[in-house]
Amino acid sequence: MDGGKVTVGRTAGLYIGAAVLRLAIFTLLPGLPDLLTGRVEISTPVTSFKRLQEGLFLYNHNVSPYDGGVYHQAPLFLPLFSLLPNALSYPIFTYLLYIAVDLLSASALWKIADSGEAGSSAQFTSPRREKRWSGFVIAAAFLLNPFTLATCIGRSTSVFTTCAILHAIAKAVSGAPFGAMVALSFASYLSMYPLLLLPPLLLLCYDRQRPDRADKSALSFAATHVPVVFGVLALLFGMSYLITGSWEFLPSTYGVQLTLSDLTPNVGLWWYFFIEMFDSFRSFFLAVFWLHLSCYVGGLTVRIRRQPLVVLTLLLGIFAIFKPYPSISDTSLFLGLVPLYRHVFPLMRYTFVIAAVILYASFLGPAFYYLWIYAGSGNANFFYAITLVWGLGQSLLVCDLMFAVLRDEWEVERPEMVGKEIRQI
Amino acid sequence: MPRLLSSALALRRDPRILKIPPYISLLCILVGTVWLFLLPLDEYSRRTYISENALLPGQVHTYFGGSDQNVLRAYKQEVNALVGKSNVEINDQLESIVKGLGLKTARQNFTYHAAGRTYEGENLYAILQAPRGDATEAIVLVAAWENVKHEVNRNGMPLVLTLARYFKRWSLWSKDIIILLSPDSIYGPQAWVDAYHDAHDSSHVSSLPLKSGALQGAIAIDYSQEHRFESVHIVYDGVNGQLPNLDLINSVVNIAGGQMGMGVALQEMWQHNNKYPQRLRTMLRGMLKQGLGLASGPHSSFIPYHVDAVTLRPFGEGWQDEMAMGRVVEGTFRSLNNLLEHLHQSFFFYLLMHRERFVSIGTYLPSAMLVAANFTIMAIFLWMKSGQPEPASTAPSSAESEKSAPPPTVERDLFLPLGVVTLCQFASAIPLYLFNQAPESALTPLFTTFLLINTALPFALSQFLTSFYAPSLQQYHLIKSFSLLLLGMFLSALATLNFSLAMIIGLLAAPLSFVGPFPNSPVASIICFVLLNIISPPAVLFASALYWGLDVTSVLREAAVAWHVTGTYSAVVVWCVWWPAWLAASVSVLGRPEAGHKKVKTA
């Protein structure tokens, strides 16, 4: 059987289909990209394409892009986008760049799926691993996900972070720890929060080392690879310094994320809280919120030590809910990784509820935002209520997936309990 | 607590629990409908009140009258001489009059293409700069040359000119006053408001050469009757069911009804005794208008831009003259002039049932939400049902295993149902596109063809599914489940934007909750399908056109024009929310599920 040929044909078909679909939306609905760019669900202060244009304009006119306090993204975007022709007169080049980034992310996801890491890691092999979706299905689910599509059409710069994270994981599962570390440094450089993925990613790299050059000691493995991340980050910072001529970019990009100085509404849970807060409590709650976000890393990494990819997936889900400036792009990344766990889907208990909650929230969100901002007949509480529902839907998914994975592990330890109902005592 | 939990868990396993949801669902619809009919009662509705204290309606002495009557008569002569002339000639003459008053004037051209017709014209407008203001805010006085019934605004036009002359003499205005004279009641104001907010398509609607500040309110006068009047009819429905702030309506009611002593009517209820049947009728008329979402006068286009606006239309035989009407406008403008901020205090979502009686969103929304919830309940029920093993395969074991293990959940096959529902949703773009783009002459044949295809389509789709995929009963349940879930979701989101439309569509689609495949009786499924066809979107469209004595072509033309000009989205709701749900339900009614061919897997 010429399975190879068929696969190649299908691969090309999927990529071409996804690219054509995106290009068709870009060209047939010329008003849509700008409309989506303005949506708070897609563009946050740290990923907005509009703000990037502003920074680019300042950069091209030899003014510091961080003057004016609009641009909060990494400095290296500026030389990249100033290489492209002007996005207003020749938008097609920008479109092609974003489409290419989406396809690269999908190919990384495909590699992760084909590695089978989700079903059988170095320390744990799920008895259900046979029931899984191929890389084709998973890449298709990612590429055709409306959230991914909307992010791509809205030209949010978070697609670059998504791509870097997926490549870091893909490199890790294919036994290239050095590449994984470099990709993670890029992701962290662009959005900062991926740095929190370092511990589980290190474990994943450690577990998936090539046998011929395996480093036996975890400590020495970490000691050789953590410096890579910081080395690459230092290099990127140095380049940024050379480009912008000052260290101003550090407070304007990472500082904004750390201190939440821009309170533009988004789908996350921070903005409303910090709008309502008295200034004297601000720094305390900033610390609490960041501590809350980062405390999952240690706990999950230790508890699900045997399946580091699960930890990465769950963490991405948690970040999509609790990070300071989340958007549907983070959700699309999480939803892209969830189908890898097809084998534990039968163990999940609330799939229908989760799907319904996420669907309802994604329709009611824009409706309530419209009532608040345009019709003037609602207020900020309407939209915030929906972001709470949205967060609830995602956290249900995170919890349910975690439950299913832990139950899967538990059934290996306790074969007599397979299929029985369990209850916490 | 643990005992409670375990008994709750035991209850969850009880097979009887699965029988309940359809009844809950039916109960939701019944309660939702009854709720609606309770609203006009005194216990559920409220008296209106002025919420914004700055308005002070009816507190000022109005001076319009006296010698202004002579001015009005003179303008009436001028306007009567213009009847029958072209738009440009009329505007030339009116512009010279307005210029003579010392106001800045400007004109604006617009052209709309819809349903194969062209609607064009030229707006004339003038700005009276506020002696005490800084041109940051403005109020608009609109008079359209023709009202929505194409009667010439014989008294309204001269009245607006007289008022402009009168207002110019006063030094107390703190907001600019814009006089807008448009050739018709829908397209002209729409073009003007779009251009005022720079939201126009400049290839069809030209930009405004002259602008003032943010619009705070607008009053349109539609005074086409020649003789004296008895009462004022307040038209307040905006495009897509949006409403002006209730304070504006209350102010007008207060000034016209209280200060001037004239009658006030709403929703073409010329007589209103404030009893239950009249209240109910007023409310239902309001809901129907809101649901249709069409523009009902020159004021309608203002409301989507968050500019509160009403049209005032005198009617009846009485002793009130044009001067009284002018004093109503003067009083209202004095109130609006007092505003320190945009009207925001009072309600934006309400149903009026009498000029002094209303219900607010908190009271009426539950009825639409209950109707929408019925679909969600049925969707969850069908999902649970699809997870149950088919009765035949578990009948022997069910008795003994009731206590020991939870019922095994059958693996669900999601791809086919998801595909069918997605296909139905995407197919809905076709009728939407066709009916919005077709020229007027093609609308009737198109509608007839669509009606026929629509009847045959479920058969074809069902035959296609049966012969190629042989769906199981579970998959039919899932098709229904997903389509009802989507319907419930769309309707509950819609209920927050346009309550009436969500309620109407919800009630019309309610039977879809309760129909399903009849595996053993083809006759029953045919009967059910015939019944379903009676409530199909095109059939309902046809029947309601017959009922109101309209022909379908004009209804479709109006819908297409409303879509292109005012952006009414009711057609989207009919074709992209209701129709796909109907199609999915019809397919599942006609379905012939293959029993027993699929593997029952336990999780």
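Let's start with how chain B is divided. The domain assignment gives domain 1, covering 17–41 + 364–394 + 411–590, and domain 2, covering 53–355. Keep in mind that this is a predicted model. The C-alpha centres of domain 1 and domain 2 of chain B are 40 Å apart.

How do the two domains meet? In chain B, 26 residues of domain 1 are in contact with 26 residues of domain 2. Look at the domain 1 side of chain B. Helices α14 (440–468), α16 (499–509) and α19 (552–565) each supply at least two residues of the side that touches domain 2. Which helix gives the most to that side? It is α19(B), with seven residues. By class, the domain 1 side has 15 nonpolar, eight polar and three charged residues.

Let's stay with α19(B). The helix has 14 residues. From first C-alpha to last, α19(B) reaches 20 Å, close to the 20 Å expected at 1.5 Å a residue. Its buried residues are B:Leu556, B:Arg557, B:Ala559, B:Ala560, B:Val561, B:Ala562, B:Trp563 and B:Val565. Note the arginine in that list, B:Arg557. What covers these buried residues? The cover includes β2 (104–114), α6 (187–196), α13 (429–437), α14 and α20 (570–590) of chain B. Just after α19(B) comes B:Gly567, with a positive phi of about 70°.

Now the whole of chain B. There are 20 helices and 11 strands. The C-alpha atoms fill a box of roughly 95 × 60 × 40 Å, taken along the principal axes. Of the 603 residues of chain B, 49% count as buried. Take contacts in chain B between residues at least 6 apart in sequence: 84% of them join residues at least 24 apart.

Next, the annotation. An unreviewed UniProt entry places the feature "transmembrane region" at several spans of chain B, among them 20–41, 414–435 and 568–591. I'll take two of these spans against the model. Residues 414–435 of chain B are 91% helix and 0% strand, with end C-alpha atoms 33 Å apart. Residues 568–591 of chain B are 88% helix and 0% strand, and here the end C-alpha atoms lie 36 Å apart.

On to the cores. The largest nonpolar core has 271 residues. Which residues have the most contacts inside this core? They are A:Leu201 and B:Ile179. Helix α15 (residues 473–497) of chain B gives the most to the core, with 16 residues. Where does the core sit relative to the domains of chain B? Domain 1 and domain 2 of chain B both give residues to it, so the core lies between them. Back to A:Leu201. Leaving aside neighbours within four places in sequence, A:Leu201 is in contact with A:Ala168, A:Ala172, A:Ala180, A:Leu184 and A:Leu312. There is also a second, separate core of nine residues, which includes A:Phe49, A:Leu56, A:Leu78 and A:Phe81.

Now between the chains. Here 14 residues of chain A are in contact with 15 residues of chain B. The chain A side divides into 11 nonpolar, two polar and one charged.

A:Pro75 lies in the loop between α3 (49–60) and α4 (77–83) of chain A. Is A:Pro75 buried or exposed? It counts as buried, because it has 27 C-beta neighbours inside 10 Å and the cut-off for buried is 20 or more. Not counting residues up to four places away in sequence, A:Pro75 touches A:Ser240, A:Ile243, A:Thr244 and A:Phe249.

Two residues other than glycine in chain B have positive phi. B:Ala135 has phi near 60°. B:Ala135 lies in the loop between β3 (117–128) and β4 (137–144), and is partly exposed, with 13 other C-beta atoms within 10 Å. B:Glu268 has phi near 55°. B:Glu268 is in the loop between β8 (263–266) and α8 (276–292). With 13 C-beta neighbours inside 10 Å, B:Glu268 counts as partly exposed.

Last one: B:Asp92, in helix α4 (residues 87–100) of chain B. B:Asp92 is partly exposed, with 14 other C-beta atoms within 10 Å. B:Leu124 is 32 residues away along the chain, yet the two C-alpha atoms are separated by 9.1 Å.

How values were computed
Residues numbered from 1 in each chain as written. Chains lettered and ligands numbered in written order. Predicted model: local features only at pLDDT ≥ 70, side-chain atom pairs only at ≥ 80, totals over all residues. Helix = DSSP H or I, 4+ residues; strand = E, 2+ residues; numbered from the N terminus. Buried ≥ 20, exposed ≤ 12 C-beta atoms within 10 Å, placed from the backbone. Contact = placed C-beta atoms within 7 Å. Nonpolar A, V, L, I, M, F, W, Y, C, P; charged D, E, K, R; others polar. Domains from an automatic or database assignment. UniProt positions renumbered as here; feature names shortened; annotations may be inferred. Core = buried A, V, L, I, M, F, W, Y, C linked by C-beta atoms within 7 Å. Expected span 1.5 Å × (residues − 1).
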